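Reader: I'd like a close look at a single spot in this model, with the cut-offs spelled out as you go. Once that spot is clear, could you work outwards from there?

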Amino acid sequence: MKLDVDVLRYLYKDDFRVLTAVELGMRNHEIVPTELIDRIARLKHGGTYKVLKNLLKHKLLHHDSSKYDGFRLTYLGYDFLAIKTMVNKGVFIAVGRQIGVGKESDIFEVAREDGTVLAMKLHRLGRVSFRAVKSKRDYLRHRSSYNWLYLSRLAALKEFAFMKALETHGFPVPNAVEHNRHCVVMSLVQGYSLVQVKQLQNPETVFETIIGLVVRLAERGLIHCDFNEFNIMIDDDEKITMIDFPQMVSVSHRNAQMYFDRDVECIFKFFRKRFNLSFEESLDDMDGSDEGRDGAGKPCFSAIERSSGFLDRELAASGFTRKDEEDIQRFIEGKAESDTNSDGEEVDLVEDLNEAGTVDGNSSDLLEQNEGYESQWIEKTCEARESSGSEKEDANDNEENNEEATENEAELVKSLNKQRRRAVAAVRKGHKTAGGRNSYKDKGGRSSHNSKIQKQLSSW
């Protein structure tokens, strides 16, 4: 559906109030009943029905009366809600031409009050060309029910979060400005899509930069999953910018290696066909070594070390589980222990804990209270070794005493069970078995009356 922002000039406050009411009703209704829209909007003198008719005329709503009379939002109505919110926030004041279209989104130019041109991306999941979202993307996670508007909102939220995080870590991505519902506003990249470029001055340098971005992402725990010539922007100075991030996953994902190899293969295949590159020679000239690469010169997923951060943990990327978080915590703790000074380990540990407010007192009190840190000093002092030996002997004695106590308790329980069985058996001998709960009982109904008449006739 084409976005016609001219309709915004003819919409009033009541129109957006009814649109918002339909949006709220769609949280638990596929088709929102008309009565519910009227109760949520709370317009005076029955004005809701008049507004619904006006919104239906502009195709901002869809009417359905198959089961009951109700309405649902269309993508155009969802667009108007997002644009109205952005305008109220002062993010932009004008919407321009469409500059891009894909299977999952449309991109438009927008202008700020000072004349700065930005890019507005509207996610539109559910198109005929791409409907396998539930199997191809992880927006739903554990949810079972969904609609396309909700999926688009999740995709926009995820892309905005990834864009912000990658920008702070120095990756060449657009500057994320604001997001609302399924809309993301970002800086406009001054360049061209790599698929439109026919000739480069330094194709080897551009190729090595792009492959380096794939490896850097993996080192920080992320895989792009759609890293190809359509999602790489290049300007006149051959500077690279990455775009399109909703589908990114963690390196802990079960299909992480397949996604990584696919991204690498897309780049190799494109540069081989478009610029006739011989990769083995170019890689030898650029690096001079084959570390982390296979026989064809491609980066190996298994050779990548995650030593530069954990972005998948910060962003809760797909495939990052609670077990991975525990492993990261162990890695961080082990790294912190190796960095401590061997001469003043005990003093530094006490000072750090006192600053954090976890333990009060001197170092001897700390070692008595905290068993976790006590084990670290036992291995380094002779006195601690002797004390640990005595503690083990006491523990063995306690275990023997516990075993004897458990045996005595078991014998006592057996004797009590025998006495209880005998008492129950003696009581049951003097009583007859009572009728079951569902046993038949004649209550004098019509069937019992007929049976009495039959008995009298037979006796005559």
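Author: Asn 228 counts as buried because its relative accessibility is 13%, where buried means under 20% relative accessible area, exposed means over 50% and partly exposed is in between (1.4 Å probe, protein chains only). Keep in mind that this is a predicted model, with residues numbered from 1 along each chain as its sequence is written. Local features need pLDDT of at least 70 and side-chain atom pairs count only at pLDDT 80 or more, while totals for chains, interfaces and linings use all residues; side-chain values use heavy atoms, without hydrogens or water.

So where does Asn 228 sit? You'll find Asn 228 in the loop between β10 and β11. Those labels are DSSP runs numbered from the N terminus: helices are H or I with at least four residues, strands are E with at least two. The side chain of Asn 228 makes a polar contact of 2.9 Å with the side chain of Asp 226. A polar atom of the Asn 228 side chain also lies 3.0 Å from the backbone nitrogen of Phe 230. For a polar contact, you need a pair of N or O atoms within 3.5 Å; within protein, one must be able to donate a hydrogen and the other to accept it, and residues adjacent in sequence count only if both atoms are side-chain atoms. If you skip the neighbours within four places in sequence, Asn 228 is in contact (heavy atoms within 4.5 Å) with Cys 266 and Ile 267.

Two strands pair if DSSP finds at least two bridges between them, and β9 and β11 are joined by two. Ser 193 has Met 233 in β11 as its bridge partner.

Now for the packing. The largest nonpolar core has 48 residues, and the members touching the most others are Leu 166, Ile 210, Ile 223 and Phe 271. Such a core is a set of buried Ala, Val, Leu, Ile, Met, Phe, Trp, Tyr and Cys residues joined through side-chain atoms within 4.5 Å. At least two of its residues come from each of α6 (148-168), β8 (183-187), α7 (203-219), β10 (222-223), β11 (232-234), β12 (240-242) and α8 (256-275). The top contributor to this core is α8, with nine residues. Helix α8 also holds Met 258, which is partly exposed because its relative accessible area is 41%. The C-alpha atoms of Met 258 and Phe 301 are separated by 9.2 Å, though the two residues are 43 apart along the chain.

Another core, of 42 residues, lies apart from the largest one; Ala 41, Val 51, Phe 92 and Cys 183 are among its members. Val 51 takes us to helix α3 (residues 47-57), where Gly 47, Thr 48, Val 51, Leu 52 and Leu 55 are buried. Looking down the axis of α3, those buried residues fall within an arc of 140°, so they line one face of the helix; the arc is taken over directions from the helix axis to the C-beta atoms. They pack against α1 (13-25), α2 (34-41), β2 (61-64) and β3 (70-73). On the face turned away from that buried side, α3 carries the exposed residues Lys 50, Lys 53 and Lys 57. Just after α3, Lys 59 has a positive phi of about 65°.

One more stop, via β8. Five bridges join β8 to β6, and the two strands run antiparallel; Ala 119 stands opposite Met 186 in β8. Six of the seven residues of β6 (residues 117-123) are buried, so β6 is largely enclosed by the rest of the structure. Five residues separate β5 and β6 in their hairpin, and Gly 115 in the turn has a positive phi of about 95°. Leu 122 in β6 is the bridge partner of Asp 106. Leu 122 is also in contact with Asp 79, as are Leu 3, Arg 124 and His 182, leaving aside neighbours within four places in sequence. Asp 79 itself is found in helix α4 (residues 75-89) and is buried, at 0% relative accessible area.
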